[in-house]
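Good morning, colleagues. Please look at the sequence and the structure as they come up.

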Amino acid sequence: MNLTFIQPPQVEWASGALAKGPLLRKSTRIQDLIEVFADEPARQQLAGEHVVYDVEMLATSSAEGELYTGVTHLYPGHVGGEYFMTRGHFHARREQGEVYFGLRGKGLLLLQNEHGQARLENVFAGSIHIIPGFTAHRLINTGNEVLSALAVWPAIAGHDYAALAKGFTLRVFEENQQILVREVQNG
């Protein structure tokens, strides 16, 4: 019997780089994050082409039962004292969960349910984050190096950014070289 061995995709754990598979890449720049940061005038003053985060994904079928796998590389930086962060989202299919694995850097995972109750989890190399369904999520880079996290989620989950038009109820800033969390009243 002749067996065929297929080389699976790989992740370089130290850097978060994906390899050995068809990849999709997307960069999100300052200009793409309108009204995401608390200080919109400060965001407008930054170079619009400045990349805040990159996402690499394995090209996977979007069929029912399939899983997407991707790595977010969130760069260090601030907008008006607020740490760089991803846009954040609920899933369009709210019941769908997701798993994050911290690969490098340090930061926070902001989780918020549909009632606006939020919590923060520390993200670091080796951390594992189970994001339940009905939970919005956002990565925040509180360090001085790239924060990379591997994510696995159902291909049918989709993204719902509009549900967070008023933002999350927590914002994370650097003040006097300390992490400061502020609660925001939305509505």
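I shall go through the annotated region, the nonpolar cores, and then some individual residues.

This is a predicted model, in which local features need pLDDT of at least 70, side-chain atom pairs count only at pLDDT 80 or more, and totals for chains, interfaces and linings use all residues. Residues are numbered from 1 along each chain as its sequence is written, and side-chain values use heavy atoms, with hydrogens and water left out.

I begin with the record. UniProt, in an unreviewed entry, lists residues 29-183 as "domain: Glucose-6-phosphate isomerase prokaryote"; its positions are given in the numbering used here, feature names are shortened, and annotations may be inferred rather than shown by experiment. Over residues 29-183 the chain is 48% strand and 4% helix, with the end C-alpha atoms 26 Å apart. Helices (H or I, at least four residues) and strands (E, at least two) are DSSP runs, numbered from the N terminus.

The largest nonpolar core has 35 residues. A nonpolar core is a set of buried Ala, Val, Leu, Ile, Met, Phe, Trp, Tyr and Cys residues joined through side-chain atoms within 4.5 Å; buried means under 20% relative accessible area, exposed over 50%, and partly exposed in between, with a 1.4 Å probe and protein chains only. Which members touch the most others? They are F37, V52, L74, F84, L109, L139 and I140. Strands β4, β5, β9, β12, β13 and β14 each supply at least two residues of this core. Apart from it lies another core, of 5 residues, including L18 and L150.

V52, from strand β4, is buried, because its relative accessible area is 0%. Leaving aside neighbours within four places in sequence, V52 is in contact (heavy atoms within 4.5 Å) with residues including I30, L33, L74 and F84. The C-alpha atoms of V52 and Q31 are separated by 9.6 Å, at 21 residues apart along the chain.

F37 and F84 also form an aromatic pair, 6.3 Å centre to centre, with 55 degrees between the planes, and it is tilted. Rings of Phe, Tyr and Trp (its six-membered ring) pair if their centres lie within 6.5 Å; planes under 30 degrees apart count as stacked, over 60 as edge-to-face and the rest as tilted. Why does this pair tie together parts 47 residues apart in sequence? F37 lies in the loop between β3 and α1, whereas F84 lies in the loop between β7 and β8.

N141 lies in strand β12 and counts as buried, because its relative accessibility is 0%. Its side chain reaches the backbone oxygen of L74 at 2.8 Å, a polar contact, that is, a pair of N or O atoms within 3.5 Å; within protein, one must be able to donate a hydrogen and the other to accept it, and residues adjacent in sequence count only if both atoms are side-chain atoms. R43, in helix α1, is buried at 7%, and its side chain reaches the backbone oxygen of I30 at 2.8 Å.

Finally, R87 lies over the face of Y161, 5.6 Å from the ring centre, and the charged end of R94 sits over the ring of F90, 4.4 Å from its centre. A charge sits over a ring if NZ of Lys or CZ of Arg is within 6 Å of the ring centre and within 35 degrees of the ring normal.
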